[in-house]
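This report describes the fold, the surface and a handful of residues of one protein chain. The sequence and the structure come first, and the description follows.

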Amino acid sequence: MDDWSVRYPTNTEDVARVIVEIADRYLIAGEARVSMPKVLHFSAEQRFTKYQICEVFAEILGLPLSGMVGKGEDKEAKTARPYDTHLSTKVLRDLGVDVRTVDFTDWWKREMKAYRR
């Protein structure tokens, strides 16, 4: 399991809330919106590798990870993968958009509570 490249899992509820805030800002701006940013990025700030995400799920579900091994960068892969694809939320913050997100572990504890062993 990939334990090298970094991801920033983002809850869809946070994405929806941010989209609504963006729409509100642009609607309120009226004519001034033509000078507002055309490209905006949003993602959570919590960093995880795929392996770390599996560790969180295993903990939440009470399952072992004994058969899973974290692997570093695959230097012989035919396709180069980026190490870190973090998206900057600076422009959103500058617009006054709330870019806070739900904690990844709390989010999945809530969603998976019925499945714990």
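Helices, which are DSSP runs of H or I with at least four residues, and strands, which are DSSP runs of E with at least two, are numbered here from the N terminus. The model is a predicted one, in which local features need pLDDT of at least 70 and side-chain atom pairs count only at pLDDT 80 or more, while totals for chains, interfaces and linings use all residues. Residues are numbered from 1 along each chain as its sequence is written, and side-chain values use heavy atoms, with hydrogens and water left out.

**Overall fold and surface**

The protein holds four helices and zero strands, and its pattern along the sequence reads α-α-α-α. Its radius of gyration, taken over C-alpha atoms, is 18 Å, whereas a compact globule of 117 residues would have a value near 13 Å, the globule rule being 2.2 Å times the number of residues to the power 0.38. Along the principal axes, the C-alpha atoms fill a box of roughly 60 × 40 × 15 Å.

Of the 117 residues, 26% are buried; here buried means under 20% relative accessible area, exposed means over 50%, and partly exposed lies in between, with a 1.4 Å probe and protein chains only. The protein exposes about 8,300 Å², of which carbon and sulfur atoms supply 55%, the areas coming from the Shrake-Rupley method with a 1.4 Å probe. The side chains include 19 positive and 19 negative ones, and the centres of the two sets lie 2 Å apart; Lys and Arg count as positive and Asp and Glu as negative, while His and the chain ends are not counted, and each charge is placed at NZ of Lys, CZ of Arg, CG of Asp or CD of Glu.

Contact means heavy atoms within 4.5 Å. Among the contacts with a separation of 6 or more, 86% are between residues 24 or more positions apart.

**Helix α4 and its cover**

Helix α4 spans residues 104-112, and within it Phe104, Trp107 and Met112 are buried. Seen down the axis of α4, these buried residues fall within an arc of 110°, so they line one face of the helix; the arc is that of the directions from the helix axis to the C-beta atoms. The cover over the buried residues of α4 includes α2 (50-61).

Val102 lies in the loop between α3 and α4 and, at 28% relative accessibility, counts as partly exposed.

Leaving aside neighbours within four places in sequence, Asp98 is in contact with Arg17, Val18 and Glu21. Glu21 sits in helix α1 (residues 12-29) and counts as buried at 16% relative accessibility.

**The loops on either side of α2**

Beyond its neighbours within four places in sequence, Thr89 is in contact with His41, Phe42, Ser43, Glu45 and Val99. Val39, found in the loop between α1 and α2, is by contrast exposed, at 56% relative accessibility.

**Separations in sequence and in space**

The table sets out C-alpha to C-alpha distances for pairs that involve several of the residues described above.

| Pair | Separation in sequence | C-alpha distance |
|---|---|---|
| Asp98 and Ile22 | 76 residues | 9.7 Å |
| Val102 and Tyr26 | 76 residues | 25 Å |
| Val39 and Arg81 | 42 residues | 24 Å |
| Val20 and Gly30 | ten residues | 16 Å |
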